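Dear colleague,

I am handing over the structure we spoke about, and below it I set out what was found. Please read the notes with the structure open beside them.

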Amino acid sequence: MRFPSRVVALAFATTAIAGCASMAPEHTMPPLASAPAFNPDYRPDGEVVASQLSYREWFADPRLVALIENALENNRDLLAATARIEQARARYRIEDSRRLPTVVAEAGGIRTRQSLGANPALDTGDVEGAPSSVTFNRFDVGVGVSAFELDFWGRVASLSEAARAEYLATVAAQRAFYLSLIGDTANTYFEIVETQEQIALAEQTAESRREGLRIAKLRLDNGVTSALPYRQAETLLTQAEQQLAAERLDLARLRNQLAVLVGGTAPEALPAPLSLEAQGDRRRLAAGLPSDLLLVRPDIITAEEQLRAARANIGAARAAFFPTISLTGNAGLASNSLDGLFSGDALGWSFGPSISLPIFDWGAREADLDLAQALEVEQVANYDRTVQGAFREVSDALAGRRWLAEQVETLERAVTAQERIARIARLRYREGVADYLEVLDAERNLFSARQQLLATQRAWLQNRATLFVALGGGLTKK
């Protein structure tokens, strides 16, 4: 009864002997494709670290937080990315299992009846009372190893390492999409809030201009002014109404876009939204050093694991030039009776190594190696491009943090100044000091300044969300 353990021990011993060598190139990272520090003009210092924050801690609007939670739970693309992780994990487990032998246990029995007349050696002729057939039994039980490759050159190990790297790359890619979904949801939401405020501004402006048109009509009917001021007031109103219709169209499209991001229609029971001005959180994110991004950016980690997989495939392609050694073996017991099946005399075994030596394949292996090496060159370039793109995103967001904040402050002062100008222009017109053209210009400039302020406030909020995601924020789940 000791033969199964002997076969298993033999199989694992051969496994330990095999797979000691690896022909894959050493995995080293390309030089850092950036300056050692961010531009100090962008003020990269800050009070909080993005990678240590969840989106719940960073975004102040409870409605936005609820929408992000819904998107992370129901977004179809994220669900597909999660399913791809399970696929990659299964492929890795399949490939890694080939490094160990498959041990199969078998048992069987057969009962055979054979005619003696069919076998001349056993034919009893015309002997009276002799049986015309014989019946006999055969029972067997055993274990075996079928065509297990001894991985002397590391081919199977390299394929397993490539599958593992692809799995880790898929995990990192899912995390990258997770962050991208947070950023896309936040940016779309800020556009919706801005559009709603633009609609409110257009409605307020249109109502004010309807009143101005009514007054201009009265003045025209009483002969106080000519038809020109009336037509100018009419033009102002049509401009506001046209802008109102355009903003409502944009709002419908943005709501449809948000519905796709959250995986369907947004929940009805959501907290009340905050205004653009109330969204502002003056906390500053610390950018750290460019090299820190290599550890926190999932897209960079994805590119690195894909490069690791490409190099492992080179090792497998190189190992294909060497002989393939396989092992087949089995051991078991066989007997014509169950009583004697487990006796020492019933033991039998077989052992059969085989070797396959490639001679001519018309350049197929050389082409496989060339392909693997070319894929490595591509993955190095992809890694460099990903790193450079990450640095650019952070640098752009840092620049936006400073200059967009200054634009908001400047536009706030500009709106205040335009409100004063419009008030003075209306007073001058009512007193007959100025014509209506002055009011027209003042109203138009005020409307434009308010629109630009709302757009810049939205851009500043989107920049905050972009910087948060670019620095690896949001992966912490608190």
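A crossing of two helices is called left-handed if the near helix is turned anticlockwise from the far one by less than a right angle, and right-handed if clockwise. Helices here are DSSP runs of H or I with at least four residues, numbered from the N terminus.

This is a predicted model, in which local features need pLDDT of at least 70 and side-chain atom pairs count only at pLDDT 80 or more, whereas totals for chains, interfaces and linings use all residues. Residues are numbered from 1 along each chain as its sequence is written, and side-chain values use heavy atoms, with hydrogens and water left out.

Helix α5 (residues 155-221) passes α9 in a left-handed crossing. The axes of α5 and α9 (residues 298-319), which are lines fitted to C-alpha atoms over the stretch in contact, with angles from 0 to 180 degrees between N-to-C directions, come within 8 Å and cross at roughly 165°. The two helices are therefore roughly antiparallel, a term for angles over 145 degrees.

After α5 comes Gly223, with a positive phi near 75°.

A second pair is formed by α10 (residues 364-430) and α11 (residues 436-470), which pack at an angle of about 160° with their axes 7 Å apart. Helices α10 and α11 are therefore also roughly antiparallel to each other, and their crossing is left-handed.

Best wishes

Conventions:
Parallel < 35°, antiparallel > 145°, perpendicular 65-115°, else oblique.
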